[in-house]
Amino acid sequence: MTTLRAERDIAASAGVVWTLLKDFQHIDAFNPNLSRSFHIGDAPLEGLGAERRCELKDGRNWIEERVIDWRPGESYTVEIYAGTMPIREVRTTLAVSPNGAVSRAVMQITYTPKFGPIGRLLDLLLLRWKMRGLMDSVLKGLQQKSVESLAANG
């Protein structure tokens, strides 16, 4: 099992950042790796049990996620329960907390590569590097949208 973590300070309050995070079905608003995301099933739109489908910009890959932990104003954790990615047992947490005059956004992903020993080797050689880049771009997008939202409403 692999665990990766990324952090980014954002020049906006934790409340501003949480407003973007809690709009669960619209993660594509700040995640530049997605072509679109949307609510699926009869699940709630946000909170525990909310579900979404995310379609990646490559036009081939997709994932379906479900919220398994929801802490209003702080964080949520999702599990990927379906998709085309070469990983399984995936849990992702997005969190925000006050950090002095700014807020700190954190993204943590835990996963197991598919394909046994070959998958573990690919994880070491390529997948971790790719996942870190994806995480950094998500947090950068969250930072940009938070600052834009602050300026528009400020």
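Which side chain makes a polar contact with the side chain of Arg53? In this predicted model, the partner is the side chain of Glu55, at 3.3 Å.

## Arg53 and its surroundings

Arg53 is found in strand β3, which covers residues 51-56. Besides the polar contact between the side chains of Arg53 and Glu55, Arg53 touches a set of residues that excludes those up to four places away in sequence, namely Arg36, Ser37, Phe38, Ile40, Trp62, Ile63 and Glu64.

## The chain as a whole

The secondary structure of the protein chain consists of two helices and seven strands, and reading along the sequence gives the pattern β-α-β-β-β-β-β-β-α. The radius of gyration of the protein chain is 15 Å, which agrees with the value near 15 Å that a compact globule of 154 residues would have. Taken along the principal axes, the box filled by the C-alpha atoms of the protein chain is roughly 50 × 35 × 25 Å.

Of the 154 residues in the protein chain, 44% count as buried. When contacts with a separation of 6 or more are considered, 49% of those in the protein chain come from residues 24 or more positions apart.

## Surface and charge

The protein chain exposes about 8,200 Å², and carbon and sulfur atoms supply 54% of that area. Its side chains include 20 positive and 18 negative ones, and the centres of these two sets lie 6 Å apart.

## Helix α1 and what covers it

Helix α1 spans residues 14-21, and because six of its eight residues are buried, the helix is largely enclosed by the rest of the structure. The buried residues of α1 are Ala14, Val16, Val17, Trp18, Leu20 and Leu21.

Several elements take part in covering these buried residues, including the strands β1 (2-10), β4 (62-71), β5 (75-83), β6 (87-99) and β7 (102-113), together with the helix α2 (116-153).

## Gln108 in strand β7

Strand β7, which is among the elements covering the buried residues of α1, also holds Gln108. Gln108 has a relative accessibility of 29% and therefore counts as partly exposed, a class that lies between the cut-offs of under 20% for buried and over 50% for exposed.

Leaving aside residues up to four places away in sequence, Gln108 touches Thr3, Leu4, Arg5, Arg91, Thr92, Thr93 and Met135. With one of these residues, Arg5, the contact includes a polar one between the two side chains, at 3.4 Å. Another of them, Thr93, is 15 residues from Gln108 in sequence, while the two C-alpha atoms are 5.2 Å apart in space.

## Two residues with positive phi

Glu89, which lies in strand β6, has a positive phi of about 50° although it is not a glycine. The relative accessible area of Glu89 is 43%, so this residue is partly exposed.

Phe115 is also a residue other than glycine with a positive phi, here near 75°. Phe115 is placed in the loop between β7 and α2, and at 60% relative accessibility Phe115 counts as exposed, because the cut-off for that class is over 50%.

Technical notes
Residues numbered from 1 in each chain as written. Predicted model: local features only at pLDDT ≥ 70, side-chain atom pairs only at ≥ 80, totals over all residues. Heavy atoms only, no water. Helix = DSSP H or I, 4+ residues; strand = E, 2+ residues; numbered from the N terminus. Rg over C-alpha atoms; globule rule 2.2 N^0.38 Å. Buried < 20%, exposed > 50% of the residue type's maximum accessible area, 1.4 Å probe, protein only. Contact = heavy atoms within 4.5 Å. Areas by Shrake-Rupley, 256 points an atom, 1.4 Å probe, with all protein chains shown as cover. Lys, Arg positive; Asp, Glu negative; His and termini not counted. Charge placed at Lys NZ, Arg CZ, Asp CG, Glu CD. Polar contact = N/O pair within 3.5 Å; in protein donor to acceptor, adjacent residues only side chain to side chain.
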